[in-house]
Amino acid sequence: MPARLLVFLCLAVSAAAQNRFTPGLRPFVTVDAPTVALDHVRIIDGSGAPPLEDRTIVIAAGKIASIQPSTATVPAGSQRLDLTGHTVIPGLVGMHEHLFYPSGEGIPIYSEEAFSFPRLYLASGVTTARTGGSLEPYTDFNLKRLIDSARMPGPKLHITGPYLEGAGAFTAQMHELTGPEDAARTVDYWAAEGVTSFKAYMNITRAELQAAVQAAHRHGIKVTGHLCSIGFREAAEIGIDNLEHGLLVDTEFHPGKQPDNCPAQGVTRAEMAHLDIASAPVQATIASLVEHHVAITSTLAVFEAFDGSRPPLEQRFLDVLSPQGAESYLAARSRAAGGANSPYPALLKKELEFESAFVKAGGLLMSGADPTGNGGAMAGFADQRNLELLVEGGFTPVEAIQIATANGARFLGEEDRIGTVSVGKQADLVVIAGNPAARIADIRNVTLVFKDGAGYDPAKLLESVRGAVPFH
Ligand SMILES: [Zn+2]
C-alpha cells in the first residue's frame, strides 16, 4: 500500500501544479490571463495601412477580441499591460526558415538546431515559420508536434519535404533525384508523411521539376525553389509557386547557360551586378512571374553576410554561439571583409532594386532568414535584419512589415487566421519597444511575443540558448 499511496501523491501534486502549460513551456510564458489588454500601443497592423496611435488591444481565448482607442473600457478582470512607447505588429511569418545551421569551418554539413532555433525564431517575433527545405524532415515533424502540443516553445511550423535536388548535390545530406519518376515518387512519399511544401534545389532538371510540381499540386501542395539549373521563366512556365532569394540566383541571364545545367556561380554573380533591372529581358521575367503568380522570398540578410563591410556585429549574435561556433563565424566574417573587389555590395543593391520592381509590377514578395550561407544569418535575428534591408532598398517600414507578415500568411492560405492585427484573428503579436515605423532597427527590441494569446518573454528564451549554436 505505501507504494500505491506514493504514486497517488505524485499524481495529485503534478495535477495541482498543472496549468495549461507543461514544464517545458512554463518558464517562458509570462503573460497568460484569460483576458489581456495591451494598453496605449501603436499598431502597425501588417495590412500596409498607416500606424494607429494609442490603442488598446484586448486578447481573449487566444484571439484578438477588440482594438479600440485606449480611452475605451475593457472587460472586467482583464490583465492590463501599460505599453506606452511600444508598438505592436503581427507575428512575423518567416518564409525561408531552416531548423539547421552550418556546422562550421567551411565543412558542407549542417547541424539540426532542434533545441535552439525554435526558441530563436519565437524570441525574435517569428510566430509562423515555413521551412525552406529540410535535411531532417522527421526531426522537423517531431518538433512541430512538440510545439503544437505546447511541450516546447517555438513558432507554428510548416514543414517542407527533403530538398528536391538533382545530381551534383554539394552536401552529402541531400538525396539526389535519379529522374522524373524518382521526383514524383519522392513527392508522393513525403506528401503522405504530412509535409505541406516542397523545395526544388540547384541541380534539379526541368523534367524532374515538372514531375515534382505535378505530383505536389495533385496533393494540393505548393513548390518553391532555389534554382540554378533552371531559369526563373522556365520554372514559372513549369508551374512553380515560389522562388527563393530573387534575382541573384536566377541564371537565365548567364550568356553560357545550358539547359538543365547550373553554371559557375562566380561568373553569374559578377554579371548580375551589371544587369539593368529596367532592361527588356529582366522586365519580361518580372512580368512572367507576376502572370504565373509566382511569389518571391526575399533573403537579403544571408547575402549581406558575404559583404565584409557589414552587417554590424551584434553581441546577441555572439551570445548564442558556442566558443567554437563564434570562432568559426568570426573567421568567415573576416574572409568576407577581405575582398575590396567583392561583388556583394553591388549585388545586394541589385537584388533590392529587383525586389522593388517585382512588387511595383504586382508580385507577391515575402521574407525569410535562411540561416545558412557563411553562418552570418542567424535564425530570428536575420528575419529582423531582412526588414531593415528592405527599408534600405526603398520600401517604407510599413511595407516591409507587410512583406514579412501578411504576404506570407496569404501565400500559406492562412490570411483568415494570421498575418495582420485584426479582430477575430489569432493573437500572434510582437510587442516592440520603440517605433519601427520611424526607425526600423527598433524591430530588434522585442519585449514580448504573443502566440495564440500566450505572452512569451524573449529575454528568457534567448538566455536559454546561450552558447547553443551550432551544437543544438
Ligand atoms: Zn535556404
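Tutor: Let's start with two helices: the axes of helix H4 (residues 180-193) and helix H5 (residues 206-218) come within 8 Å and cross at roughly 30 degrees. Axes here are lines fitted to C-alpha atoms, for helices over the stretch in contact, and angles run from 0 to 180 degrees between N-to-C directions. Helices (H or I, at least four residues) and strands (E, at least two) are DSSP runs, numbered from the N terminus. Keep in mind that this is a predicted model: local features need pLDDT of at least 70, side-chain atom pairs count only at pLDDT 80 or more, and totals for chains, interfaces and linings use all residues. Residues are numbered from 1 along each chain as its sequence is written.

Student: How are H4 and H5 oriented to each other, then?

Tutor: H4 and H5 are roughly parallel, because of that crossing angle. The cut-offs: under 35 degrees counts as roughly parallel, over 145 as roughly antiparallel, 65 to 115 as roughly perpendicular and the rest as oblique. The H4 and H5 crossing is right-handed; a crossing gets that label if the near helix is turned clockwise from the far one by less than a right angle, and left-handed if anticlockwise.

Student: Which residues in H4 and H5 meet?

Tutor: From H4 you have Pro180, Ala183, Ala184, Val187 and Asp188, and they meet Ala207, Glu208, Gln210, Ala211, Ala212, Ala215 and Ala216 in H5. Contact means that the C-beta atoms of two residues, placed from the backbone, lie within 7 Å. By class, the contact of H4 with H5 has nine nonpolar, one polar and two charged residues. Ala, Val, Leu, Ile, Met, Phe, Trp, Tyr, Cys and Pro count as nonpolar, Asp, Glu, Lys and Arg as charged, and the others, Gly among them, as polar.

Student: What about H13 and H14, at what angle do they cross?

Tutor: Helix H13 (residues 381-392) and helix H14 (residues 397-404) cross at roughly 140 degrees, with axes that come within 9 Å. H13 and H14 are therefore oblique to each other, and their crossing is right-handed. Asp383, Asn386, Leu387, Leu390 and Val391 in H13 meet Pro397, Ala400, Ile401, Ile403 and Ala404 in H14. That contact of H13 with H14 divides into eight nonpolar, one polar and one charged residues.

Student: OK, switching to strands. What order do the strands have in the sheet with E7?

Tutor: The order is E7-E10-E11, an open sheet of three strands with parallel pairing. Two strands pair if DSSP finds at least two bridges between them. Strand E7 (92-97) and strand E11 (156-158) are the edges, each with a single partner strand, so one side of each has no neighbour in the sheet. On average, neighbouring strands of this sheet are turned by 20 degrees against each other, direction ignored.

Student: How many bridges join E7 to E10?

Tutor: Four, and E7 and strand E10 (residues 126-131) run parallel. As one example, Glu97 has Thr131 in E10 as its bridge partner. Helix H2 (residues 116-123) lies across E7 and E10, running at about 130 degrees to E10.

Student: And which way do the residues of E13 point?

Tutor: In strand E13 (residues 222-225), Lys222 and Thr224 point one way and Val223 and Gly225 the other way, and all are buried. Buried means 20 or more other C-beta atoms within 10 Å of a residue's own, exposed means 12 or fewer, and partly exposed is in between, with C-beta atoms placed from the backbone. E13 also pairs with strand E12 (residues 197-200) in the parallel sense, over four bridges. Gly225 in E13 is the bridge partner of Ala200.

Student: Why is Ala150 called partly exposed?

Tutor: Because Ala150 has 17 other C-beta atoms within 10 Å. There's also His293, with a positive phi of about 55 degrees although it is not a glycine. His293 is in the loop between helix H8 (280-291) and strand E15 (295-298).
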